[in-house]
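Subject: Structure for you to look at

Hello,

Please find the structure we talked about below. My notes on what was found follow it.

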Amino acid sequence: MGLEVHAQITSNSKLFSGSSTHFGADPNSNVSLVDTALPGMLPVINEHCVEQAVRTGLGLNAKINLFSRFDRKNYFYPDLPQGYQISQFQYPIVGEGEIEVELEDGPTITVGIERLHMEQDAGKSIHDLDPNATYVDLNRSGVALMEIVSKPDIRSPKEASAYVKKLRSIVVALGTCNGVMAEGNLRADVNVSVCKVGGYDKFRETGDFSHLGTRCEIKNVNSFRFIEQAAEFEARRQVNLIEDGGVVDQETRLFDAETGVTRSMRSKEDAHDYRYFPDPDLLPLKLTQEYVDNIKANLPELPDQKKERFVSEYGLKAYDAGVLAAEADKAAFFEEVAKGRDAKMAANWVTQELFGYLNKFDLELADSPVSSKQLGGLIDLIANKTISGKIAKDVFQKLIEEDDADPAVIVERDGLKQVTDTGAIEKVVDEIMAANPDQVEQVKAQFAEGHKKPKALGWFVGQAMKASGGKANPQAVNEILKQKLGI
Amino acid sequence: MSDLTKLTLTDAVKGLKAKEFSSREITQAHLDVIEKANPALNAFTEVTSEHALGMADAADTKLAKGEGGLLAGAPLGVKELFCTKGVRTTACSDILSNFVPTYESTVTQNLWNEDAVMLGKLNMDQFAMGSSNETSCFGNVINPWRREGEDTQLAPGGSSGGSAASVAADLCLAATASDTGGSIRQPAAFTGTVGIKPTYGRASRYGMVAFASSLDQAGPITKSVEDAALMLEIMCSADEKDSTSLKIETPKWTDSLSNGVKGMKIGIPKEYRVDGMSDEIEGLWQQGIEWLKAAGAEIVDVSLPHTKYALPAYYIVAPAEASSNLARYDGMRYGVRQEGDSLDDVYSTTRAEGFGDEVKRRLMIGAYVLSAGYYDAYYLKAQKVRQRILMDFEEAYKECDALLTPTCPSAAFGLGEKSADPVEMYLNDIFTVTANLAGLPAMSLPVSLDKQGLPLSLQVIGKALDEDTCFRVSKVIEDAAEFDAKASNWWS
């Protein structure tokens, strides 16, 4: 598979006009004379968008082309006012690069970037407002996009979505794309082909695409889940087709999120002849190395660098570090929690408890009911042995349920402080032993048989913890038990 | 009062400043002449009388206080190609017949900023595609000139035929025009007027209906070389709304145009001596050479070896760009829409009905030369030729400061004489397209009448950004030629 990802460049105004790019404005309110392609109107490049594209190219470890050029892609559609899209066909601003993509089950793959170019978005056709008419909203018309084209290095639906996730984390960290897929900020054209075993390796050796089978392009897939579903369906469809003696036709397909299937949109024969040619209204884009170097010198910390730092600075496991570093807000949250505390414990609490909770209820970090300060406070209570890890989970639950609560106050209020007073624990242990002489005998017997950790000991720990309302320090319970049982 | 229309722009501006007459007077004088002449000449598509008098009064108020810009109170005509705020702008095509811009082109705005007065909009070939003005949806302009003893209607040239005819017939002091392959110079030559196309990028294309973006340039058609310099220095400006606009100062050519040609080297390109060129044109060219020699210039023979490929290259590049530039006229947002049963139907009917035959012909040629499989053979090859032509000029300019050539291979032809054969019509651009392809400044000025009594012109092609030399060479020829013939006033 190879993906073409369209990422909307974060910019206040459009690629070639001064119109606002604000999302959610009234239809046709972010539209200028240029966007409507009135006679005699001319495009003028938005320099900020150029800088953003260069920044993204640097973030993708890619070659920045000091010479690039805008071309016209000609076709008729009501939401394309000029009758052509201004794009970069022959000379894109960014050339080859590569990124490391971590897969959920551990391994990391390298995905090559073929190119990145800038282009205009089209407007939006609205077909369902009126049975006999189509309405056009030109707010998006002329908005700056980056099309990021991967090499055919992606070999499974999971890899495809992981690649887009990684791409998203990079552009968001760079501040070059907001990455809000629900708003169409980031969407992917997924190219899928299937080949016989060994075909891909032959392609890698020779660079000859004929080993890869005929590809189909699935247009405009706009969520990670849909990318996986679309790729999965399409690959199966092609395999089934071939196994039934059929042939895959090169075509453009659409993914139907309702049914999870892809269906044909247009065949290769119906493909447009876009009649690309250099846009004579625009001069070629010439950058200086100094300009590029200056942008490079001011790049923010990228997810990979952050991940490396989390491993070296905090001693996190690579996977946890990757999860935390992938998104700037999560990374920042973690660092706030970890500051001056046991970083591994902080990472555990952030990834396991907090992210687990957020994922379960499909919440964004911004909507988290628990702040970094609260979580930090909770970890402090564990660290200074005020509460046990188990109690901490209960307190965490209360932090979710209550507004702006202080974990220390909750512990105090609900009497959850850990009991480390050995006298009190001894008393509890004595009572349990007295009430369960059979169990005492069993532990002793198991120990005598050579079991260093008799199973029945666990039972005693459980009883003791239960009797103390979970507040007893488990280590202290263990030691006192061993001593009293003489093992 | 009608004498006011005979003035040059320069003299009119002086007279207005000196309060010898008012802007209202000279504007009204022109409106009166237009009223009489326009039914016969069809030069104006719309006369904005009220608008003109309002602008004239505003200019008079300033002039009375000793204020006012460089063109204060001077009535001008505007080619239909320039968008004018609140005044219909059609590019003389049915598809834009209802289009009223809410904005002003930079070139015309520059004129209004100097307090000039707009008399109205001037007829042209549809979307500036044509050399005879016969493709206008308003019907063709009639050339004020006639062959001696004949009343055959002659073409005013194109595409700026309305601009040229109106200046020739004293319907305005000067006019804006545009030149993609000769659309200023050829009609100027056909009507005994002066026209200059500046270096590509001198004049902003903002608000000028696009034909071929890499070739289009605005320029004036005027009654004298000095008027042309005055108009051009006001029309040109660095404009951030046009990416191809040169971000440089516009020189004050009016200050230097009389500096003469002493010591200049003038190149005579041998490739412009084409087969079948008349003795009269040949003689005129020689005459020009003699005048320049007499004024102290040195004449050198130069070669522009790729000239013969210019016309084919032009008729690939220009239609290619046009096919894309005119895609926006789809009936969706403005202009005239024809209803249909499907989207494709709306598109095809709107465009089939809205565009004239010549426009359709060029759009088809353009789409063809850009299409997959033909791009390399046509468009790319044409771009390479274009590069060669530019290199030819650069080579020639190592030997000389400017080139002198005829503007056209013939005098004005009769309406309909060439419209049956597009290729014969295209051949009219043979001496003018090279300057567009190379982006160079080029000027046409009338020199003499042929034996049928029609004006003939010479062309001066300068180095890039060296309009100054064009003006100086032209001024020397103008002074020597003493061309003061006017079309007989048969229309009044």
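This is a predicted model. I begin with chain B, which has 16 helices and 11 strands. Its radius of gyration is 21 Å, close to the 23 Å that the globule rule gives for 492 residues, so chain B is as compact as a globular protein of that length. Along the principal axes, the C-alpha trace of chain B spans about 65 × 55 × 50 Å. Of its 492 residues, 64% count as buried. If you take the contacts in chain B between residues at least 6 apart in sequence, 77% of them join residues at least 24 apart.

Now chain A. It contains 16 helices and 15 strands. What is its radius of gyration? The value is 30 Å, whereas a compact globule of 487 residues would have one near 23 Å. The box filled by the C-alpha atoms of chain A, taken along the principal axes, is roughly 95 × 55 × 55 Å. Buried residues make up 50% of the 487 in this chain. Among contacts in chain A with a separation of 6 or more, 68% are between residues 24 or more positions apart.

Next, surface and charge. Chain B exposes about 16,900 Å², with 49% supplied by carbon and sulfur atoms. For chain A, the accessible surface comes to about 23,800 Å², and 49% of that belongs to carbon and sulfur atoms.

Chain B has 46 positive and 67 negative side chains, and the centres of the two sets lie 4 Å apart. In chain A there are 56 positive and 75 negative side chains, with 4 Å between the centres of the two sets.

Regards

Technical notes: Residues numbered from 1 in each chain as written. Chains lettered and ligands numbered in written order. Predicted model: local features only at pLDDT ≥ 70, side-chain atom pairs only at ≥ 80, totals over all residues. Heavy atoms only, no water. Helix = DSSP H or I, 4+ residues; strand = E, 2+ residues; numbered from the N terminus. Rg over C-alpha atoms; globule rule 2.2 N^0.38 Å. Buried < 20%, exposed > 50% of the residue type's maximum accessible area, 1.4 Å probe, protein only. Contact = heavy atoms within 4.5 Å. Areas by Shrake-Rupley, 256 points an atom, 1.4 Å probe, with all protein chains shown as cover. Lys, Arg positive; Asp, Glu negative; His and termini not counted. Charge placed at Lys NZ, Arg CZ, Asp CG, Glu CD.
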